[in-house]
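Thanks for coming. Please have a look at the structure first.

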2 protein chains.
Amino acid sequence: MKKKRISITDIANALNVTPSTVSRALNGGGKVSEKKRNEILALAKELGYRPNPIAKSLLENRTNTIGLIIPEFTHHFYSRMLAGIESVTSEAGYQLLICTSNENQAQEIKSTQTLLDARVDGILATISKMNDKFEHIQEEMDSGTPLVLVDRFSEEIETPYVISDDFKGAFSAVDYLCEIGCRNILHIKGPDNLSTTFNRFMGYKEALRKHEIELKEELLLESSDTNLLEKIRFCLTNHQVDGAFTYSDYLAFEIYKVASELNIPIPEQLSVIGYADEPISTYINPTLSTVNQQPFEMGAFGANYLLNKINNPEIALEIKNLETRLVIRGSCKGLEG
Amino acid sequence: MKKKRISITDIANALNVTPSTVSRALNGGGKVSEKKRNEILALAKELGYRPNPIAKSLLENRTNTIGLIIPEFTHHFYSRMLAGIESVTSEAGYQLLICTSNENQAQEIKSTQTLLDARVDGILATISKMNDKFEHIQEEMDSGTPLVLVDRFSEEIETPYVISDDFKGAFSAVDYLCEIGCRNILHIKGPDNLSTTFNRFMGYKEALRKHEIELKEELLLESSDTNLLEKIRFCLTNHQVDGAFTYSDYLAFEIYKVASELNIPIPEQLSVIGYADEPISTYINPTLSTVNQQPFEMGAFGANYLLNKINNPEIALEIKNLETRLVIRGSCKGLEG
């Protein structure tokens, strides 16, 4: 009788861990505790496990590099996300190759091609637009190179992703503004076509609905508006605005500028909440309340999902919707109103 | 008589341009004006120019990618430098592959290897330390891949570089503080081993010397000091500090915090100048005077030098020491004292 060849799955089942963990322990790749790694190596030896030569050769064909496509580096958010990614990839012995897309799809397509040409083992990407063309992403996946999306995703792309719960994040901010008594809450929306813009606006709407406050079109502004400062000025002057929730901390700073010009004191007359917990929120006066999205954790989860998929392409789809955290600082009056 | 084969140099001489310009015009690579390109193409056609097949094959061996090694992305300085680089490389049809070193030499060595493995056509690097080992840089240059250093350089590495005139930048800041009447000027130094730290300190010293102000050891602090805030507090309390010049804008913000705690008004009692013109300098109150280093221009010059060297490896060493610009904002009292 021919002896059955021992597979990674056999070892995984015996030790009640995932095949991906076994693969990583055997190949010295990802994060496996020392104890678990020793257990796996001992059992593999006992069972006479020998790596499948084809798999082995494929493994050795790796470049140990991971590609990262992000829109830009100006926002602290992406540098924190990068730090989270690096915390995982560098421990696993991977090098990162980074490309920026500048929110431009043609550039994103080129970046994808460049990373594939550099034979990266996998790609992490923050895609530049929603509801647009995804052929390049599909092509990348068809090439067999694992892909994980971070920060933004599209329902058209079936691949692991890690996003932040923008709906709940926005909801918690506007709910707070309502709780402290705001009734005319200005919202500055983000760039068109981004899932984050849409979800934050939905969170704003839902919080108003909960508090039975009517949505007023005149309190909605677009960040892309070339006359944004003027629109804010008009809004603050004519609509008794007592609260503001903005797509980003930078947009909140625009409100600060206009409020200061109009002698509207923050937070006494106007409470403001931004989004993303960028460093600017602690530099400005008063310090800005904001929604923290855990970008470091987002990067770390994304990198782990990608390593899992590199080590085990058949792994089930992993997705994560990270909790946000409302950070209340000097720009909001107290709960007592 | 065998007809002489027309070379790029012949065309260059005839049109009084560099061979590198001709090469770029013919290969559709770098920045050549439409007019110049047409002139070159017309003459090449007229003279029956045909590319040297070996040169052509070498040219076609290009990946049209450029590697960039920078310490990190947290500072706006590097994202501006990146924008400057991209403004040149994207127009020339090159893709950027970026690696971060986190100011860690082991990481920098790995990044260099990764970029060479990806067969980049050239590398732009902000080296992580001064007076340290440079074997990896030497190895990179020996491999024939052109290298240009940006922001920091070392006299041990003979390759084109673009830096900012840190000595003059610091001198102009401290000279200004002296001119408005400051006599006890605190200086917070940058990280050890960086040419920028050294040159800014030298500029500080030279400005004091010019104004015949004695250098006082007790007014010199180190940014790496774990008790920095306490040291600033001690300094402001005990040494009648009336001016401060810091290695970075972030360090200036530390002085703001302590001054506010001690009720020392800026600029009435204490004038402060930071360095780098980071966004924080316009967010804080009062807005911070600082030294602008033209990071966009630094990136653009560096990228141009690299393209020149890619297109013409024999080109003479190009170096640039960019002028800085003193930006006076609310943190300094007026010139009248």
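Which helix of chain A holds both A:Phe201 and A:Tyr204, and how many residues apart are they? The model is predicted, so please keep that in mind throughout. The answer is helix H9, which covers residues 195-210 of chain A.

Over all chains, the structure holds 15 aromatic pairs. A:Phe201 and A:Tyr204 form one of these pairs, with 6.2 Å centre to centre and 25° between the planes. That pair is stacked.

Now to chain B. The ring centres of B:Phe153 and B:Tyr161 are 4.3 Å apart and the planes are at 20°. This pair counts as stacked because its planes are under 30 degrees apart. Are these two residues buried or exposed? B:Phe153 has a relative accessible area of 17%, so it is buried, the cut-off being under 20%. B:Tyr161 also has a relative accessible area of 17% and is therefore buried.

Next, a cluster. Ring pairs link three residues here: A:Tyr250 and A:Phe253 from chain A, and B:Tyr283 from chain B.

Last, charges over rings. Which residue lies over the face of B:Phe201? That is B:Lys189, at 4.2 Å from the ring centre. B:Tyr247 has B:Arg200 over its face, and here the distance from the ring centre is 4.3 Å.

That is the end of my part.

Methods:
Residues are numbered from 1 along each chain as its sequence is written. Chains are lettered from A and ligands numbered from 1 in the order in which they are written. This is a predicted model: local features need pLDDT of at least 70, side-chain atom pairs count only at pLDDT 80 or more; totals for chains, interfaces and linings use all residues. Side-chain values use heavy atoms; hydrogens and water are left out. Rings of Phe, Tyr and Trp (its six-membered ring) pair if their centres lie within 6.5 Å; planes under 30 degrees apart count as stacked, over 60 as edge-to-face and the rest as tilted. Helices (H or I, at least four residues) and strands (E, at least two) are DSSP runs, numbered from the N terminus. Buried means under 20% relative accessible area, exposed over 50%, partly exposed in between (1.4 Å probe, protein chains only). A charge sits over a ring if NZ of Lys or CZ of Arg is within 6 Å of the ring centre and within 35 degrees of the ring normal.
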